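Try each task before you read its solution.

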Amino acid sequence: MKLTVLYRGPLSGCNYGCEYCPFGKWKQSEEELTKDRADLERFLQWVESRTQDTVSVFFTPWGEALIWPWYQQALARLTHLPHVERAAVQTNLSCRLDWLTDCRTEKLGIWATYHPEWMKRSRFLAQCQRLSEQGVRHSAGMVGFRRFADEAEALRRELPEDTYLWINAVKDGLDAYTPEDVERFTRIDPLFPVNNTRHPSLGRACRGGESVLSVDGDGTAYRCHFIKEPLGNVYAPDFDAALKPRPCSKDTCGCHIGYVHLEYLELDRVFGSGLLERVPATRLWTGGAQRSASRISQS
């Protein structure tokens, strides 16, 4: 079995204070952090036990994980497991990166979000450069608020050509886009129209619940982060019986970590082995890739 697990434990605190994020500058108690660490250890032991499978792990915390050493150590530990194909994490990249030397970096993936109101561009670029020097495949990205458009263009100019810069569309009405805004962000990220779409998903085939799972700190498994119907608990001895094809039960899917697993979009072909860290298999600024992005957004 090939199994991809999106792990989201109880960690919710973040060292940034983004105004649109409910977890900005949220501080957790020592008791809460102790539980998060214990939950993560139990999850790691479960991954270690699944030697009969090929497993990929993607940490998608509510808060910022890599400021805590137990997440750094977890990534290093996972990358050394023979049956783990990929270990990836979403991060604001504010942490120190000396722990990378403990990893098998060819198995490590970093999804790095640049927050210009909390980090200088030069610092973020230096962090990305460090990842490149260590051989860590990574993407860089920003939230697509219109007020960040100038900064996004500057970041695209200064990033190496082989680093993908994605733009996450704001879909909750906080920043309505004009056609000119969409065109501008699409020049930066040819896949922006894909992310700026709520894809029809009701009744559609999705890998969620079959080969892709969302798992919380207690081990409760869901088909994805966005459908809160428990499938069971991964620590139960008979859990694997719950893994089976399930058509999506939501009308639409608008988040990358969800719709990327919808089979009809064929985004696994676009991203290839870089699916978790959001690194496309080909450079998106080529004409062919842009036409492919347009086709997907119109599906």
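**Exercise 1. Decide whether Cys206 is buried or exposed, and whether Cys206 is in a disulfide.**

Step 1. Cys206 has a relative accessible area of 15%. Buried means under 20% relative accessible area, exposed over 50%, and partly exposed in between (1.4 Å probe, protein chains only). Therefore Cys206 is buried.

Step 2. A disulfide is a pair of cysteine sulfur atoms within 2.5 Å. By this rule the count is zero disulfides. For Cys206, the nearest cysteine sulfur belongs to Cys248, 6.2 Å away, and Cys206 is in no disulfide.

Step 3. Now take Cys128. Its closest cysteine sulfur, in Cys95, is 11 Å away, too far for a bond. Cys128 is buried too, at 3% relative accessibility.

A note on the source: this is a predicted model, where local features need pLDDT of at least 70, side-chain atom pairs count only at pLDDT 80 or more, and totals for chains, interfaces and linings use all residues. Residues are numbered from 1 along each chain as its sequence is written, and side-chain values use heavy atoms, with hydrogens and water left out.

**Exercise 2. Describe how H1 and H2 pack.**

Step 1. Helix H1 spans residues 30-49. The axes of H1 and H2 come within 11 Å and cross at roughly 5°. Axes are lines fitted to C-alpha atoms, for helices over the stretch in contact, and angles run from 0 to 180 degrees between N-to-C directions.

Step 2. Angles under 35 degrees count as roughly parallel. So H1 and H2 are roughly parallel to each other.

Step 3. Among the residues that meet are Leu40 and Leu44 in H1, and Ala74 and Leu78 in H2. The contact divides into eight nonpolar, two polar and five charged residues. Here Ala, Val, Leu, Ile, Met, Phe, Trp, Tyr, Cys and Pro count as nonpolar, Asp, Glu, Lys and Arg as charged, and the others, Gly among them, as polar.

Notes: Helices (H or I, at least four residues) and strands (E, at least two) are DSSP runs, numbered from the N terminus. Angles under 35 degrees count as roughly parallel, over 145 as roughly antiparallel, 65 to 115 as roughly perpendicular and the rest as oblique. Contact means heavy atoms within 4.5 Å.
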